[in-house]
Amino acid sequence: PKPDADIEFIQDRFRKIKHKILILSGKGGVGKSTLTSNLARALAADPTKQVAILDVDICGPSQPRMMGVENEEVHSSADGWTPVGIQPNLTLMSIAFLLGNKDDAVIWRGARKNGMIKQFLKDVDWGDVDYLLIDTPPGTSDEHISLVQFLLQAGPLDGALIISTPQEVSLLDVRKEVSFCMKTKVPILGVVENMARFVCPNCAHTTMLFPNSTGGAEKMCADSNLELLAQLPLDPALAKALDNGEDFFETHPDSTLATSFK
Ligand code: ADP
């Protein structure tokens, strides 16, 4: 069969990217975008590494806000769209930059979303990148399947990080992500548990927020043969920093959350 010209374009773009990591979650609001942005900042703390974020969370792209570049515009050149620079070794391309009206994509049908994702993979001029973190929509929709298929045709993925809170509803959805990864043959790097604990900034008392804050994610990981990579606390200072597009690691280098990423 005739090779798909689009796939060849995507292959050319992705040839220059060393590591590709998908960030997945079963539910929205559990901290997938937060993890993506923190991980990107943590990796980019090494000035010798070139880090990039690809935000394809088509119905709720939040990276521009979290990275403090909400009002930037992407520029297009003969080589494609140039990602927005956050710092010299950290760039971002978000579907939000291309949506005229931020609410439009919510009502798009599958084919249009898939077309947008393909075009996105084809047209962004990343240059040489060490780590590309891909922030996906929550769940395991058609968009995920086409995204992963396009990516896999362009070469292997390092794998997926799955993020969950300790709530039963969120942990149950992790299993759907696991079966999605098995079906699409994406290796699972491990699970990150978010918002299990809250340490009061006034009295330093630790509150376990959910009924299975203690041990829920550990048990689920043990049952499913997954590695629990980190347990991140709920930190109001992080939510504030991200709403303001600030680098949390710069402003709170000694917080438990920041040290969890070292
Ligand atoms: P998702 O990408 O899974 O939909 P987000 O990363 O957008 O979720 O997180 C939802 C909200 O929760 C955001 O406003 C974010 O700032 C906040 N949040 C996520 N994780 C934490 C955390 N560990 N501490 C404090 N706030 C958090």
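In the predicted model, Asp6, Phe9, Ile10 and Arg13 of helix α1 meet Lys118, Leu121 and Lys122 of helix α4. Sorted by class, the residues of this contact comprise 3 nonpolar and 4 charged residues, with no polar ones. Helix α1 covers residues 5-14 and helix α4 covers residues 110-123. Their axes lie 7 Å apart and form an angle of about 45°. Helix α1 is therefore oblique to α4.

The crossing of α6 past α7 is right-handed. On the α6 side, the contact is made by Leu171, Val174, Arg175 and Val178; on the α7 side, Gly216, Ala217, Met220 and Ser224 take part. The contact of α6 with α7 contains 5 nonpolar, 2 polar and 1 charged residues.

The model also contains a ligand, which is surrounded by 18 residues. The closest of these are Gly31, Lys32, Ser33, Thr34 and Ala239. At least two residues of the shell around the ligand come from each of the helices α2 (32-44) and α8 (236-243) and from each of the strands β9 (188-199) and β11 (228-234). In terms of class, the shell is made up of 8 nonpolar, 8 polar and 2 charged residues.

Key
Residues numbered from 1 in each chain as written. Predicted model: local features only at pLDDT ≥ 70, side-chain atom pairs only at ≥ 80, totals over all residues. Axes fitted to C-alpha atoms, helices over the stretch in contact; angles between N-to-C directions. Helix = DSSP H or I, 4+ residues; strand = E, 2+ residues; numbered from the N terminus. Parallel < 35°, antiparallel > 145°, perpendicular 65-115°, else oblique. Contact = placed C-beta atoms within 7 Å. Nonpolar A, V, L, I, M, F, W, Y, C, P; charged D, E, K, R; others polar. Near = placed C-beta within 6 Å. Left-handed = near helix turned anticlockwise from the far one by under 90°.
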